[in-house]
Amino acid sequence: MSRRVLVIRSCAFGDMVMLTAMFQALAEGASETTITMVSGGSWSRPVFDRSPYAGECHLLPSMRIPFALSPSKRTLARELRKSRWDGIWTWDDDPTLTFARRCRGDGVPFHSLADVPLDVDEHSVDHFLRFAGAERGAYLPRLTVRESDLADADAWLATAGLTDRRFVLLQPGNKKTMRRARRDRPSNLKYWPEARWTDVLRGVLDRDPDLVAVLCGVANERDLNDEISRGLPGDRVVNAAGDLPIPRLLGLFERATAMISVDTGPAHAAAAIGCPLVVMFGAMDPRHVAPRGTGPIRIVYQAGLEPLQPGQEWWAENCSMMGIEVDDVLSAWDDLRPGV
């Protein structure tokens with residue numbers, strides 16, 4: 001039995017990765033499943049395409065624009081309504097839900113996340129699995145790295161002089177450090193001081209004289225990476241900001257010894273590929289959104305929170321990135337190292 005499923009959600013990088021667990025649940029019991037996705041953001045397609053069940057990925061400029069004011073939404077809805085779907089799965093925010101209903105033809109089963117309330121402290125992956133009718137923990141997020149991704153990553157490693165060298169990836173930035181504004185502004189809840197990143201990087205390199213650090217990020221984060229690596233041996237630190245389109249980055253996750261990151265989409269992708277990972281959490285509750293994958297993962301958050309109380313609101317009020325010390329991250333790294 002084959003199955004054709006339409007999933008409609010405009011989501012962040014990490015959300016798209018977590019959705020791949022739901023895709024596996026939707027494929028359960030079918031001999032062949034093809035999932036068509038409607039999302040937003042140019043990065044959506046390369047992430048979605050690396051799910052084993054990926055079909056077409058339609059990109060909209062914005063899901064927030066009302067249906068009546070969006071010609072692209074109206075055109076796409078007419079096109080999708082012509083197809084016979086085995087089910088449409090969508091999210092409960094109003095612009096998305098309205099658009100999804102316009103894509104529905106007669107007799108097509110329709111599923112909204114509003115019908116599956118989130119349990120307290122339930123992980124998003126488990127929530128998505130229940131939405132798809134599967135049990136919690138039934139599947140992990142999964143991305144398939146293509147041979148072309150590995151070839152591109154290997155070519156870049158050769159250019160950077162890293163062929164046959166062990167390297168660790170660092171992801172100090174997040175979507176708010178991509179913007180040209182003060183990194184330490186109050187709204188940047190995932191900011192961790194550059195000096196602390198420098199001390200972590202120095203500690204990692206001191207522990208392993210053969211290891212090289214590759215600092216990730218977009219082009220606007222090159223200065224951030226330069227500040228972090230200032231004073232460290234130039235032959236052991238590579239500033240890769242702006243050099244890592246998503247396919248290449250996924251290939252590097254396959255080749256890397258490990259990754260140290262703030263809570264970002266790339267951390268979720270690394271976990272889904274099985275790259276060993278240390279990931280830092282501030283105001284966002286890791287009980288709800290920590291990366292999941294087949295490799296070893298160490299979560300770092302502010303010490304002294306025990307006993308933990310339920311709820312994201314409690315977490316946000318009591319935990320911040322500034323509460324994480326350098327020794328906390330290096331301790332997690334030391335715990336991870338024997339397995340890598």
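Modeller: C11 has a relative accessibility of 7% and therefore counts as buried, where buried means under 20% relative accessible area, exposed over 50% and partly exposed in between, with a 1.4 Å probe and protein chains only. The model is predicted: local features need pLDDT of at least 70, side-chain atom pairs count only at pLDDT 80 or more, and totals for chains, interfaces and linings use all residues. Residues are numbered from 1 along each chain as its sequence is written, and side-chain values use heavy atoms, with hydrogens and water left out.

Biologist: Is C57 buried or exposed?

Modeller: The class follows from relative accessibility. For C57 that value is 7%, so C57 counts as buried.

Biologist: How many disulfides are there?

Modeller: A disulfide is a pair of cysteine sulfur atoms within 2.5 Å. The cysteine sulfur closest to that of C11 is in C57, at 9.0 Å, which is too far for a bond. For C57 the closest cysteine sulfur is in turn that of C11, again too far for a bond. By this rule the number of disulfides is zero.

Biologist: Is D115 buried or exposed?

Modeller: D115 sits in the loop between β5 (110–112) and α5 (124–131); helices (H or I, at least four residues) and strands (E, at least two) are DSSP runs, numbered from the N terminus. Its relative accessibility is 61%, so D115 counts as exposed.

Biologist: Which helix holds R102?

Modeller: At 45% relative accessibility, R102 counts as partly exposed. The helix that holds R102 spans residues 94–102 and is α4.
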